[in-house]
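Me: I am new to this structure and would like a friendly tour. Could you show it to me?

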Amino acid sequence: MRVYDLILNKRDNKKLNKKEIDFLIEGFTNGDIPDYQISALAMAIYFNGMNDRETADLTMAMARSGDQIDLSLIDGVKVDKHSTGGVGDTTSLVLVPLVSAAGLPVAKMSGRGLGHTGGTIDKLESIPGFKTDLSMNKFIENVNQIKAAIAGQTGNLTPADKKLYSLRDVTATVDSIPLIASSIMSKKIAGGADGIVLDVKVGSGAFMKSLESAEKLAHIMVNIGNKLGRKTIAVLTDMEQPLGNAVGNNLEVKEAIKTLKGNGPKDLEELCLTLGANMLLIGKRVDNYKDGYQLLKGLIKSNKAYQQFKKIVKNQGGDLNYIEDPDKFKKAEYKVSIEAKESGYIDKLNALEIGLAAMLVGAGREKKGDKILNEVGVIVNKKYGEKVKKGDKLATLYYNSDKNLEQALGKLNRSFTISNNSVKKRNLVYKIIE
Ligand code: URA
Ligand code: CA
């Protein structure tokens with residue numbers, strides 16, 4: 001088999017068989033096949049796509065490229081959740097304590113942010129002392145002890161995805177349905193979950209900009225999961241505007257604490273209840289969605305979800321003083337607000353531009369390995385459909401230096417559009433695919 005011929009086949013829109021896909025992924029993982037050949041292959045896949053069988057084969061080849069985690073030492077049904085990536089998507093920080101407080105074990109494997117999207121691991125590391133590089137034994141021990149742990153991808157989980165993702169990030173091949181589906185599902189399968197709830201984001205801040213493409217992605221992932229005996233469902237959710245108000249690492253931790261105490265932004269709370277109820281359903285903790293939803297709502301009200309968050313932070317070495325008094329978190333040196341130039345209704349709020357503005361002042365990485373700042377980012381003061389008066393604060397940028405400041409402010413200003421007419425409310429959840 002020659003790599004050249006396989007690239008040529010994909011370029012000419014032919015199908016790759018399982019043997020060929022295994023050969024490519026094995027060779028890439030062990031370094032026999034160079035980055036430039038796999039980059040060319042990724043671009044051919046970007047243009048010509050893959051059918052469902054090829055996507056499933058690619059998923060399995062990547063899942064098998066490294067360690068596969070055995071979660072059988074944890075009692076109960078293990079349900080994992082994964083987002084396809086968004087702006088200010090504070091969900092996992094709330095969802096893990098919330099769902100585990102309901103008694104479902106949550107062994108959460110999370111990633112770092114890249115580009116305009118944030119990552120749960122970066123956000124958690126803004127809590128002083130919080131450790132995310134848990135050994136596999138410690139990870140499992142924590143889940144058995146308090147029903148929850150959140151760790152970064154361990155050293156050798158899906159190394160093929162790690163390598164391929166960083167190539168895609170620099171070769172404009174991230175937003176490809178078969179490549180996203182195999183990237184996400186390979187990690188979930190190798191991560192050992194029995195059930196998977198996928199949060200498939202749609203809109204300007206997501207990789208899938210249209211409902212049609214998001215639905216296609218969701219169907220492929222759900223089929224792959226279910227075929228392998230992992231009960232999988234996908235929830236299609238809005239990412240036209242950021243979720244909640246906070247975009248940025250410790251800003252989002254503070255937002256999560258508020259939400260766990262019942263006084264966070266309503267869209268974030270609603271999404272967490274929706275995803276969480278689906279996790280409880282898949283995990284057979286409840287018999288129907290409504291019961292799950294009510295159970296979780298009660299756990300916020302009774303403060304049990306917040307108490308569970310503190311347990312997780314304590315167990316992973318984080319300093320509880322910051323959780324109990326969020327004012328202690330490091331603050332950015334400067335802040336500047338942008339204001340409404342006219343009165344009316346917000347009829348556009350571009351999540352991508354806001355995510356990029358936060359990234360430009362240091363909340364995210366422009367390239368792999370960049371150091372991030374925990375305390376910078378954006379607070380969105382007015383959301384889609386809200387009525388505003390001329391001069392009202394639309395958003396506030398928190399920053400530490402003038403570097404990229406003009407550019408970030410330009411993006412923030414461009415992200416809002418105001419119309420004279422009242423605007424229909426946006427949907428938060430579009431569809432559930434089982
Ligand atoms: N998240 C992933 O893990 N992989 C992708 O390809 C896109 C989002
Ligand atoms: Ca948020």
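Predicted model: local features only at pLDDT ≥ 70, side-chain atom pairs only at ≥ 80, totals over all residues.

Reply: Residues are numbered from 1 along each chain as its sequence is written, chains are lettered from A and ligands numbered from 1 in the order in which they are written, and side-chain values use heavy atoms, with hydrogens and water left out.

Me: In what order do the strands of the mixed sheet lie?

Reply: Helices (H or I, at least four residues) and strands (E, at least two) are DSSP runs, numbered from the N terminus, and two strands pair if DSSP finds at least two bridges between them. The edge strands here are β1 and β13 (429-433), each pairing on one side only. This open sheet of 4 strands has the order β1-β4-β5-β13.

Me: What is the bridge partner of Leu198 in β5?

Reply: Strands β4 (residues 195-202) and β5 (residues 231-238) run parallel and are joined by 8 bridges. Within β5, the partner of Leu198 is Ala234.

Me: What angle does the direction of α10 make with that of β5?

Reply: Contact means heavy atoms within 4.5 Å, and α10 touches β4, β5 and β13 as it packs on the sheet. Axes are lines fitted to C-alpha atoms, for helices over the stretch in contact, and angles run from 0 to 180 degrees between N-to-C directions. For α10 and β5 the angle is about 165°.

Me: Which side chain makes a polar contact of 2.8 Å with that of Glu215?

Reply: Glu215 sits in helix α10 (residues 211-227). Not counting residues up to four places away in sequence, Glu215 touches Leu236, Lys431 and Ile433. A polar contact is a pair of N or O atoms within 3.5 Å; within protein, one must be able to donate a hydrogen and the other to accept it, and residues adjacent in sequence count only if both atoms are side-chain atoms. The partner at 2.8 Å is Lys431.

Me: How much of the accessible area of ligand 1 does the protein cover?

Reply: An oxygen atom of ligand 1 is 2.9 Å from a side-chain N or O atom of Arg168, and an oxygen atom is 2.6 Å from one in Lys187. For Ser183, a nitrogen atom of the ligand is 2.7 Å from a side-chain N or O atom. Accessible areas come from the Shrake-Rupley method with a 1.4 Å probe, and for residues only the protein chains shown count as cover. Of the 240 Å² that ligand 1 has on its own, the protein covers 90%.

Me: At what distances is the calcium ion coordinated?

Reply: Donors are N, O and S atoms within 2.8 Å of the metal (3.2 Å for Na, K and Ca); water is not among the atoms, so sites may look incomplete. For the calcium ion (ligand 2), they are Gly88 (O), Thr90 (OG1), Leu243 (O), Ala246 (O) and Glu255 (OE), at 2.3 to 2.5 Å.
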